[in-house]
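Subject: Structure for your files

Hello,

Here is the structure you asked for. My notes on it follow below.

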Amino acid sequence: MDKNGLEFAKLIQEFEKKVDELRDLAASMRTDLSTEIQALEKRLLREKRAAYSTLTPWHKVLMQRETPRPRSSDYVDSLMRDKVELSGDRIYGDDSALIGGLAKFRGYDVVFLGQEKGRDTKERLARNFGLMHPEGYRKALRLMKLAEKFNKPVITFVDTQGADPGVGSEERGQAFAIAENMAEMSALETPIICVVIGEGGSGGALGIGVADRIIMLENAIYSVCLPETCSEILWRDGVTPPAAAEALKLTATDLEQLGIIDEIIKEPLGGAHKDFKLITNRVGRALKRSLDELTAIETCELLDKRYEKYRSIGRATA
């Protein structure tokens, strides 16, 4: 497998295309090529299993950027019913990098929040590539306080490289907005579940990421900063992001071992975008299971457990 890119994925796509072409040829010529097709499919499956079983942390970083992974809006649209999207922070304006509102989810009335990157160039620009502004974090806090007032669990979908770094955001109190959210979420008197579906970058993710239960997709990443940024800081060369990705321990497996996340959702072979229905079902089951467990706990105990969860992160053991 290559060390710096996803060339192996492109080769697999070409292989899949050839298999499809052979199927079309057999259909058009009314010829039985089932034996040949089955042999190619078996070989393709072996190649895919071999490739995706040895993904490096850097490969997983690239998967978030170079594959059409489902966005927060995809999960919300598929899993939530009777949703009503709410806008604005009641101070400055609305932030399209964050979607949020009220919905029903498998018997529960919930508040949902999701960082939205967009898909094509036009939508990505409109969504600011999922980089939230201060008004986005304040909108999120407004909805979370609404959830607390009416005793509704909060579900957040994290997918961002970080918070918006622009001058305007700094002038409007970006750091304070993120810090306030983290402080308020730590004591919010309602269950909070966070699902890291793609990139979880720095304070941009933490601004809606303090939760009782943190669930992470198998190929998602969660880190204090981008590998490229880490590479510039540590080695000042900008050419060692793969080494930085390894050092950052940003994969779901690493984070589960460190006690930072609580559950890993296995993705379809090749990534979440290969079978959206399957990954949605798995996310839905994980959310329902977590809601059933967390809503059965008294609020005071819930807050104690949340406090201990974050106090224990990074604790040295003998």
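Helices (H or I, at least four residues) and strands (E, at least two) are DSSP runs, numbered from the N terminus.

This is a predicted model: local features need pLDDT of at least 70, side-chain atom pairs count only at pLDDT 80 or more, and totals for chains, interfaces and linings use all residues. Residues are numbered from 1 along each chain as its sequence is written, and side-chain values use heavy atoms, with hydrogens and water left out.

H1 covers residues 7–29, 23 residues in total, and its first and last C-alpha atoms are 33 Å apart, close to the 33 Å expected at 1.5 Å a residue. The expected span is 1.5 Å times one less than the number of residues. Buried residues in H1 are Phe 8, Ala 9, Ile 12, Phe 15, Glu 16, Val 19, Leu 22 and Ala 26; buried means under 20% relative accessible area, with a 1.4 Å probe and protein chains only. An α-helix has 3.6 residues a turn, so residues three or four places apart point the same way. Arg 30, which follows H1, has a positive phi, near 55°.

**Cavities**

The whole structure holds 2 cavities of 30 Å³ or more. A cavity is a set of points on a 1 Å grid over the protein atoms alone where a 1.4 Å probe fits but cannot get out, and lining residues have an atom within 4 Å of a point. A volume is the space filled by probe spheres set on the points, which are joined across faces, edges and corners.

The largest cavity has about 60 Å³ of space. Elements giving two or more residues to its lining are helix H3 (57–66), strand E5 (192–201) and strand E7 (221–223), with the largest share, 3 residues, from E5.

The second largest cavity has a volume of about 40 Å³. E5 again gives the most to the lining, with 3 residues. Among the residues lining this second cavity are Arg 69, Arg 71, Lys 117 and Asp 159.

**Largest pocket**

A pocket is an open set with protein on both sides within 12 Å along at least five of seven lines. The largest pocket has about 490 Å³ of space. Of its 20 lining residues, the closest to the centre are Leu 206, Tyr 222, Ile 260, Tyr 310 and Ile 313.

Regards

Technical notes: Buried < 20%, exposed > 50% of the residue type's maximum accessible area, 1.4 Å probe, protein only.
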